[in-house]
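Have the structure open as you read.

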Amino acid sequence: RLCELLDNAGRGWRKLAELAGTEKRFKCSAEELEMCSLKVLEPRGSPTQCLLQLLAERDCTLRYLLGCLERMGHEQACRVLSSAVQDVIHIMVQPESQVVAEGTQVSLTCCATGPPGLTYQWFRGRQEVPGATSPELVIDTTTLAGQPEWYICRVNCGATFTFSRWAHVQVEKSSSPSSASGYCPTMAGLQILRQPRPCRLAEGDTLALECRAIGNPPPQYQWFRNRRPVEGAQAPQLQVKLVTTAERGSYSCRVFNLFHEVWSQEVDVEIGEGARQTSVTPYLLCFQAGVSHSITTPPSPVLAATDKVALLIGNMHYRHHKQLQAPVVDVHALGALLRQLDFKVVSLLDLCMAEMQMAVNEFLLLLDKGVYAGLLYYAGHGYENFGNSFMVPIDAPSTYTSEHCLCVQRVLWEMQQRRTGLNIFLLDMCRKRNLNDDVIPQVGALEVTANIVFGYATCADAEAYELSQGELSNGIFVTFLKRWLLEDEKITVLLDKVAEDMGTLEITRGRQALELRSNLSERRALTDPIRPPGQDESSARNLQWAKAHVLPESQHLCFDCGVTIQLGFAAEFSNIMIIYTRVVAAPKDITKCEAWLTDIPEELDVDLKCTNKESPEELGSLLVPIWSLGCPSSCLYSRICGLQKLRQELAFTVCLQFRYQGMDDFVEERQRVNVGRPLIAKLNLQ
């Protein structure tokens, strides 16, 4: 549909190319524009489709494309594309389920942000609530008799819409004889209607506890674990995703208002490997049974995997060696392409020796019998002695030896113990001999398996180079690898094509050439489909991967002065997170206010010059054009690196500075925020 609208010489694809090209990485060359225009000579050719393909290869997002169409003023094209951009409307405040006394009124609220002209419509069950077209819905509980008690709100902007969460309104009758008409909050003070219940969970489950009360004034909540307050747990429901043994203990809830206080019963939460044997064991037995029967059943003509996982490591900021530029771009580009092939990807930057070893250990937990490919990509300094390759961590001393580095062949031996279907190593590093190291490491005897592929960025005793392109640098290897990675080819054939392309580069001819080593006997490709073994969500493999990719949820902080601050999060890599703050509401008598982060844990790699910046570009990240497109405007940005170094939960202070109308002096308020263990910090690599 976009091609039909834009394949013309007026407000068409050329104008789109011009506007998209204001961002340097999306600018098309004259040769590329000519290639697009020549598509009209083909029977079913489309210049617009060719242009969109070029933008897609440069990782252009739908949001950026929509912005270009809006600047063009092409309303039809905007309408076509806006239906595909599902996150145009953001629901900021969700309606909450409530327990209320019979005969009282209850209010549900749904607030959203988005384009001008948002409209609301509330539903009771599947039926529209007549006249309920505002963000707030007031319900008289006396009318609920015999009616569905589930409510939801639809938010519209033209033809685009989204729904809120469902909210359940439960009406409780009081058995108290002190009131003939039911429960009387002014007499009873506070009354708990629903007590939390004890539970037994396995690691990776979601902990959900609930305590419901009614009272006048309305009750407030504070959850406690082992009689200590749980920071940020001030809602009737306590929910913790992907629990570990650190969350087990005795939980209770303090319910209070201005005049009264009451405590819930204390309940035990047990978490451990043996807590849910019945849910895990059947899956394992079923999987093993599938393996044993595969001997007697005919082999499938199409090779498939139970899963595909990848660990990408890029080391740049060495303490005692030359700094590198390419790994940040290469790791990001490779990760984006592998995700398109349904790989589970963990991408990490700047690891010391202990962190590299722990990251590999966690990667091994993602591998299991039948998993392929187990893909390890490394970009950084390296060397090769006596046929063994070594990856150099950022804390390696100036005269490092194998004792200070991670041996690739040792990682391969450990991968073989996991019985993976395909082991791929892509090593983007130098392979010069290390004259300071004359030790031959004792690696376990490797098994004879026909499933190993090594793709070296350069030959033995040679160096690997970076290719500078303006502010960005790519390794020569990834520059050509990303052209072929999505092709449906046997992995060895694919790497052969990369080698051929690398050979055409004049500046590295005679200096760097890809070397391929393989004993692969089957036609295994990165594009091979995944055949889930069943009950995949409960597998340890998915749990480990999910843990490393949990971002904190965006939250709103309300200060005493009436200002509301949004705290948002974005992931650059599995161990690098962007935090942004912005003012979303302020009283009219406050003329200027700003919120920034302070008191960030010292163990993290945080450059204070790159925190609380007014624009993403000031953070010093080469990937700003990629992740900043999804962030709102008028924010202060901070880049938090080295999340794998966190020893405790990530806690910091949000400092709000504001000024009242007619006053010269600024006033300051602070709130302490705890966002748990984000991304890779959840795996406790320390």
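**A covered strand and its partners**

Strand β33 (residues 564-573) is mostly covered, with 9 of its 10 residues buried; buried means under 20% relative accessible area, exposed over 50%, and partly exposed in between (1.4 Å probe, protein chains only). Strands here are DSSP runs of E with at least two residues, and helices are runs of H or I with at least four, numbered from the N terminus. This is a predicted model, where local features need pLDDT of at least 70, side-chain atom pairs count only at pLDDT 80 or more, and totals for chains, interfaces and linings use all residues. Residues are numbered from 1 along each chain as its sequence is written, and side-chain values use heavy atoms, leaving out hydrogens and water.

On one side of the pairing story, β33 meets strand β32 (residues 555-558) in the antiparallel sense over 4 bridges; two strands pair if DSSP finds at least two bridges between them. Here H556 faces Q566 of β33. The hairpin of β32 and β33 has 5 residues between the strands, and G562 takes a positive phi near 100 degrees in this hairpin.

β33 also runs antiparallel to strand β34 (residues 576-585), joined by 9 bridges. A hairpin of 2 residues links β33 to β34, and F573 has I576 in β34 as its bridge partner.

Now for another sheet: an open one of 3 strands, in the order β35-β37-β38 with antiparallel pairing. β35 (590-598) and β38 (667-674) stand at the edges with a single partner strand each, so one side of each lacks a neighbour in the sheet. β35 pairs with β37 (residues 651-660) over 8 bridges, and A595 stands opposite L656 in β37.
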